[in-house]
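Hi,

Here is the structure I promised to pass on to you.

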Amino acid sequence: MRSYIPGKKNHVSDYFKCINSETKAYILGYIVADGSIEESVRKDRPSKLVRLRFGCVTEDDEILKLIQREIAPDNKLRYYQPSGNRKQTTCLQICDKELISDLRNLYNIQPRKTYDANFEFPNIPKEYERDFIRGFIDGDGFIGTRHFSMICNSPIFANQIKDKFLEVIPTLKWVIYEENRKTTSYWSLHFSYNIKVRKLIFEYLYNNATVYLKRKRDIALNTVLNAVDKRTAQCNA
């Protein structure tokens, strides 16, 4: 069955042919965490509809606006208000056969990727690995005052991310454990966020970075500043 692309717009279809910038690596990491490739068949169409779709709470949609600017400037952001007390959601979808084909063939990002327990860290230049990781954290990571963590669909991928951090911060304490969802398992990667390593983690992720989710960067920066304040107070005691 052929892939159907309705009314193709002005997309940068070859965007992921080569990961040669911080922004491309960051967006790729965000796609692995929070993007999805969807396939659907409708009776009124002779072929399969394939699209790359994103959805996030509107307060964090600066990332979707970045993706829109970089790849699909003519595509509109759509806003939804879920029922109950849930926050408003922003959605972006891109229908582009070449773009999606590259994501699938070059980086193994497939439909229903949540269930791919063999997913591996993509083959990208080493200089952009931290940007990819930062994008992944902004999509599926948590930065708190005592630890920061990531949710991974694959134990292989979780261990590979852990190894990337240990290359630059060998003293970092970590743990990976499996958790069961209703339909599949996932692996939670936790790093200790003690006073000695907070600044090192922050520098690895954010030094000279130009693309990031501001909310999470501010949390990370505040934990570093708080750790410095506590250490100063202890020294002066």
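Below is what turned up, starting with the ground rules.

This is a predicted model, so local features need pLDDT of at least 70 and side-chain atom pairs count only at pLDDT 80 or more, while totals for chains, interfaces and linings use all residues. Residues are numbered from 1 along each chain as its sequence is written, and side-chain values use heavy atoms, with hydrogens and water left out.

Let's start with the aromatic rings. Rings of Phe, Tyr and Trp (its six-membered ring) pair if their centres lie within 6.5 Å; planes under 30 degrees apart are stacked, over 60 edge-to-face, and the rest tilted. That rule gives 14 aromatic pairs. Take F202 and Y206: their ring centres are 5.1 Å apart and their planes sit at 35 degrees, so this pair is tilted. Both residues belong to helix α6 (residues 195-206), 4 residues apart, or about one turn of the helix. (Helices, H or I with at least four residues, and strands, E with at least two, are DSSP runs numbered from the N terminus.)

Are F202 and Y206 buried or exposed? Buried means under 20% relative accessible area, exposed over 50%, and partly exposed in between, using a 1.4 Å probe and protein chains only. F202 is buried at 10%, and Y206 is buried at 4%.

Elsewhere, ring pairs join F119, F121, F132, F136 and F157 into a cluster. F121 also has K164 over its face, at 4.9 Å from the ring centre. Likewise, K24 lies over the face of Y15, at 5.3 Å. For this, NZ of Lys or CZ of Arg must be within 6 Å of the ring centre and within 35 degrees of the ring normal.

Next, the pocket. On a 1 Å grid over the protein atoms alone, a pocket is an open set of points where a 1.4 Å probe fits, with protein on both sides within 12 Å along at least five of seven lines; lining residues have an atom within 4 Å of a point. The largest pocket holds about 370 Å³ of space, a volume filled by probe spheres set on the points, which are joined across faces, edges and corners. It is lined by 20 residues, and A33, K113, T114, D140 and R181 are the closest to its centre. Strand β2 (35-41) gives the largest share of the lining, 3 residues.

Enjoy exploring!
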